[in-house]
Structure formats: structure tokens, C-alpha cells
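Please consult the sequence and the model alongside the numbered points.

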Amino acid sequence: MKERREEHLSKLKLRWRLLKSKYSSVSGYKRLIVKIAMYLLLLGLAFVFIYPFIYMIVTSLKSDADLNSLSVQWIPTELKFENYFVAIDILKAGRYLKNSLFVTVVASIGHIISCSFIGYGFARFHFPFKKLLFGCVILAFIVPVQTLIIPMYLTYSNLGWLDSYLPLIVPTFFGFGLKGALYVFLFRQFYLTLPRDLENAARIDGCGFLMTYWKIVFPLAQSTLMVALVLSVVWHWNDFYEPAIFVSKARLGFLPPRLNSIVAAVNALPEQMMELLASLGLQDGEDTLNNAVVMSGATLISAPVLVFFAFAQRKFMQGIERTGITGE
């Protein structure tokens, strides 16, 4: 009787092992299918975002014959790097690149210094009308600049700041400017996650408010700083609206809006195109100005921001993950 019972148990154990191995193999196949589907989905999404850049670069290297040929889609018959030199001449890149870099760098530094300081004040101190003032910060982020442009224009006109970079730079050092309210919010949310013990220990060691902020708190906000820096650089570099309103002198212009000059040249009448090419020292207008030159200009204008983001993207993603985890 005992032997039969043991034999029966051994058969049940064998059946259980077979069933377990069968279902584990099925679940393994399911996991593999899910992984393949996920990677295919990610590749599809990546292609959607990368496609415009690939199209821009490939088209910028095409000749006029390749542009008009239906058989040439992704691989040009010849790489025409002359398109970039034509785009540089029309953009006047040497002069306008300096203007764009100057305003972008100085305005971004202003946003980092002022918005981090203001965000720390909202996160750590209690003062009258704190919630009301922070509500005004959120409102400043929600309300588009187009609704405030008339009073801003009149104010800067009375100050004598028009046709200069002051309207684009000075507000950033006071937490305002292009999307300044967003950076204040990001820094506030990060500082709320920091333990107060760090600041208390610094005060015990004799650090004042400013020294505690500058030596202890601000260095810990590197991830949020990188998020604000990347966003500020991208938005200031690509901003068309405010520079067009406040800066009208041609010598103070910026590089990205100059792309319109290439589009206008490509769409110009033949005699106007020849005059433009003659002024630039170029020849063969029909074969020189085309959509490839437009894409070359777009590539040149996008390149500084893309290069900057390529170096900063790791810190940028870490900052996105760590910002705004908690709140009051």
C-alpha cells in the first residue's frame, strides 16, 4: 500500500514538472513576443522623430538633377556640399551667428541665476502673499506673451530699449523673459525634495543664507539646472516673435529668422535671383538656388542646438526624472 502511494506521488510530481515546463516555455514565448512588439513600436516612434532630420540632411546634399528625379529618394547620385556654402553666403552666417549666440548664452545664464534663486525662495521661506505670488508665477507661464506684447513694447520704448538686445536679456535676470516662470517652477519643485538638515548643518557651521544657497543648495540642483539650461537655449535660439517686435535693425538680426531669406531667394523671379547671386559672387542661378539650399540652411541653423543637446541629453533626462517629484 505504501509503495503504491509513493508511486502515485512520483507520477503526480512528474506530471507537475511536465506541466510547469510546458507553461514556462509558453510564458517565455509570450515575453519574447512582447519584447519584439515593444522594440518594433519604439523603432516606429523613433523613425517618426528622426525622419525629418534624415530627410533634411539627405535633401541638402542633392543636386538639382537629383531633386527633379523621381528615382532618387534617399541616396543622391552625387554629394553636393556646395549647397552649404551657398546657404552660408545667403544667411550671412558669420555675422548673425554671433548675435544669436550672444543673446542665447547671456539670456540663458540670466534665467539660471535668477530662476534658481527665486525658486529657492518659494521652496524654503514663508512670507506674506506667498501663495498669491506663486499663483502669479504660474499665471505668467500660462498667459501667452502675445497678450502682453503691447504694454511690454510701450514700457521698453519709454526706457529707450528698442532696437537693442536689452528687452531680450534684462528680464531674464529678474526671473521673467522667455518662459522664465517655468524655470522658477522647476527649481521650486526640486528644492522641495531636498532635506532641510543640509541647510541646518551649514548654518551651524556659520554659513549665512547666501553662502548656504551658493555653496550647498545650488550645486545640488545640477540636474534641474541642466533641464532649465537646455530649454532656455532651445527656446531663445528658435524665438522669432520677440526679436521681430523689439529688434528691427538688420545688423542686430539673428540667424534662425534668416532662413526666410533663402526661401525668398528660391521663390524669387529669375531676374531677382540673378541679382542676388551676382551680389554673392555666385553663378548658374537655376542650378544653385533650389530646395537643397533651403535644407542646407535649415541644417546649419539646427546644428548648434542639436550638438548642444547631444552633449547635454544625459543630464537633461536625469533632470526630467528628478524634477517635480513632490510638492507642498
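1. E199 is buried, as its relative accessible area is 4%; buried denotes under 20% relative accessible area, exposed over 50%, and partly exposed in between, with a 1.4 Å probe and protein chains only. R124 likewise counts as buried, at 8% relative accessibility.

2. The model is predicted: local features need pLDDT of at least 70, side-chain atom pairs count only at pLDDT 80 or more, and totals for chains, interfaces and linings use all residues. Residues are numbered from 1 along each chain as its sequence is written, and side-chain values use heavy atoms, with hydrogens and water left out.

3. With which residue does the side chain of E199 meet in a salt bridge? The partner is R124, at 2.8 Å from N to O. A salt bridge here requires a side-chain nitrogen of Lys or Arg within 4 Å of a carboxyl oxygen of Asp or Glu. The structure holds one such bridge. It links distant parts of the chain, since E199 lies in helix α9 and R124 in helix α4 (residues 93-124), 75 residues apart. Helices are DSSP runs (H or I, at least four residues), numbered from the N terminus.

4. Helix α9 (residues 196-204) also packs with helix α10 (residues 209-220), at an angle of about 155 degrees and with axes 10 Å apart. The axes are lines fitted to C-alpha atoms over the stretch in contact, and angles run from 0 to 180 degrees between N-to-C directions. The two helices are therefore roughly antiparallel, a term for angles over 145 degrees.

5. On the α9 side, L198, E199, A202 and R203 make the contact, and on the α10 side T212, I216, V217 and L220; contact means heavy atoms within 4.5 Å. These residues comprise five nonpolar, one polar and two charged. Ala, Val, Leu, Ile, Met, Phe, Trp, Tyr, Cys and Pro count as nonpolar, Asp, Glu, Lys and Arg as charged, and the others, Gly among them, as polar.

6. Helix α8 (residues 180-192) and helix α11 (residues 222-238) pack at about 170 degrees, with their axes 10 Å apart, and are therefore roughly antiparallel to each other. In α8, the residues that meet α11 are L182, Y183, L186, F187 and F190; their counterparts in α11 include L225, L231 and W235. By class, this contact of α8 with α11 has 10 nonpolar, three polar and no charged residues.

7. N291 is found in helix α16 (residues 291-322). Leaving aside residues up to four places away in sequence, N291 touches T59, L67 and V266. N291 and L67 are 224 residues apart in sequence, yet 7.9 Å apart in space, C-alpha to C-alpha.

Conventions: Parallel < 35°, antiparallel > 145°, perpendicular 65-115°, else oblique.
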